[in-house]
Amino acid sequence: MAEALTRLRNVTARYDGVTALETVDLNLPKGLITAFCGPNGSGKSTALRVMRGLHVPSMGTVEVAGRPLGDWMPRELAKSVAMLSQSPDAPPELTVQDLVRLGRFAHQRGFRGQRAEDRIACERALAATEMTHLAERPIGRLSGGQLQRAWIAMTIAQDAPNIFLDEPTNHLDVSHAFEVLELVKRLNRSEGRSFVLVLHDLNMAMRYADHIVLFDEAHVEAAGPTRTVLTERRISEVFGIGCKLIDIEGQDVPTVVLLPGQ
Amino acid sequence: MSRIVAPLRLAGLAACLAVLAVVATGLGSSALPLDRVTAALFGRGEAMDAVIVWTLRLPRVALAVLAGMALALAGALLQRVTRNPVAAPSILGITDGAAVGVVAFLWIFSDDANALAVSIHWQRLAAALGALVFAALVAVLALLDPQGLSPLRIILYGISLAALAKAAVTLMMILGPVYRAGQALTWLTGSVGAAHWHDVGTVAAGLIVATLILVMVGRRVRQLVLDPETAQATGVSVGRAQLLFLALTVVLTALAVSQVGAVGFVGLIAPHIARLIHGQFTGGYLAATAMIGGVLILGADTLARTLAPPVELPAGALTALVGAPLFLWLLLKERRTHG
């Protein structure tokens, strides 16, 4: 198995007494695109937040790159793992450029202003998300898709080798959703960055993820290479809905067709 | 572009503040023309002018400016910590705590003839003590909180204690003699009054410490415009940063209100004006806010003592008189741009 990006050992996490993860063991491989799939409330987002140190588990241990989470200084962790949560928020009058700059916090020291490397990282992030022409625009005047790309640009500007995105295709129409996932793929293949994404759309997961973790009722139902995890039987069981995987000519991955009532 | 303009704007604000300070030093019962003020300031004036400038006017001018800066900074920090643009330092219970101190002082040290038995100067210490006691109460409650330290809970404790303090002040004012009520009311509205250099020194020392801290950790202030989870993901220890800035807000507010009373609207409106003319995401936003706070209280105090001599109006009445309509205008304008 490849080197581990994060390891959860016997992790239980709760919100106000409600168990969101129960005694979960999980190894995530480095250098891949991993997708967390599963029904609503199955523990995907909680797992992501626990892995990034944003939610403290009530039991168990979490390791990032072989070190316990508690050993990381906040800035150091931010340089290693960037994360975009499900509904990030900033004042509407903040410009795209200023938002992206906030992603550079972990790299800046003392009271020196923006350095050349900060500027370059921001410009690259804006270019990668095709937001350069909107850099001066306040985020309150962006469309849903543009706003999501602005937040992704901030996350990329953080220049972390590992990036967690919680439902990055939320609010996006089909073509923008594909654009975001193409960007993820590009950054993974060309720069070797690891991604962990929470994805609802099983076809997107099938197409873009190398590795899948399937959650169900606060447990990990299955984890492994995409094709071995996303099978007709498993999808049917976890989502409680009929499912067929159909090969379409010219497509290198099968299409997931959900069949309600079966 | 903004990299060149921002320092220019800050320099412009500083110049405004300096000019206003010189003019304010000249104005008063024996008005001094500008050349005599500047001569006295640089130690070349007549002996009488020097006394008026250095002993009577300048400490009051300096105190007004510094208290304005402290209140404005407190407001800007609190607005960032709470991510709420209408948060004002008065919600933390500090101002009302200081009011309890002042009214209790007037109660205890007034004699039967309605006169104070000790120097009115001790009123400032009483205000500081009141502010400190209430800040300590809020801190103890927050530390004992079963849900753990959180800015929202601290603010809720502040609001509850402020309500308690307000009730105590009202009762003491109604039960006490008229002199006490009048004196207390002046304080509650906020007024700079006669000042000594050591009052100026106290506020200046507090501001210098706050400035040093903000220079060291100022970037975190900007980072807090993000929601806490996102800010944390960029590498900020959000909880720790919030507590530090809340503590700074408390200290700055206590320093200011113990000197100039419960001057309203400055902590609320100075950050808004700074946002409008400088931008809240531009470097130097806190410096701009502080200078605008200085201009506001100095301007209000100067008007307060020159509008209807020999009566001195409370400066706080003027900041509210100008601040409240200005705030309404800002609110209406905001709706138009975002609607």
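Here is a short walk through a predicted model with chains A and B, going from a sheet to a helix pair and then to the interface.

Let's start in chain A, with an open sheet of six strands. Reading across, the order is 6-7-8-3-9-10, and the pairing is mixed. At the edges you'll find strand 6 and strand 10 (219-225) of chain A; each has a single partner strand, so one side of each is left without a neighbour in the sheet. Direction ignored, neighbouring strands here are turned by 15° against each other on average.

Now zoom in on one pair inside that sheet. Strand 3 (residues 33-37) and strand 9 (residues 211-216) of chain A run in the parallel sense, paired over four bridges.

Over in chain B, take a look at helix 3 (residues 47-82) and helix 11 (residues 266-277), whose axes are 7 Å apart and which pack at about 75°. Angles of 65 to 115 degrees count as roughly perpendicular, so helix 3 of chain B is roughly perpendicular to helix 11 of chain B.

Finally, how do the chains meet? On the chain A side, 24 residues are in contact with 18 residues of chain B. Helix 2 (74-80), strand 6 (81-84) and helix 3 (96-102) of chain A each supply at least two residues of that side, and helix 2 of chain A gives the most, with three. Sorted by class, the chain A side has 14 nonpolar, six polar and four charged residues.

Key. Residues are numbered from 1 along each chain as its sequence is written. Chains are lettered from A and ligands numbered from 1 in the order in which they are written. This is a predicted model: local features need pLDDT of at least 70, side-chain atom pairs count only at pLDDT 80 or more; totals for chains, interfaces and linings use all residues. Two residues are in contact if their C-beta atoms, placed from the backbone, lie within 7 Å. Ala, Val, Leu, Ile, Met, Phe, Trp, Tyr, Cys and Pro count as nonpolar, Asp, Glu, Lys and Arg as charged, and the others, Gly among them, as polar. Two strands pair if DSSP finds at least two bridges between them. Axes are lines fitted to C-alpha atoms, for helices over the stretch in contact, and angles run from 0 to 180 degrees between N-to-C directions. Angles under 35 degrees count as roughly parallel, over 145 as roughly antiparallel, 65 to 115 as roughly perpendicular and the rest as oblique.
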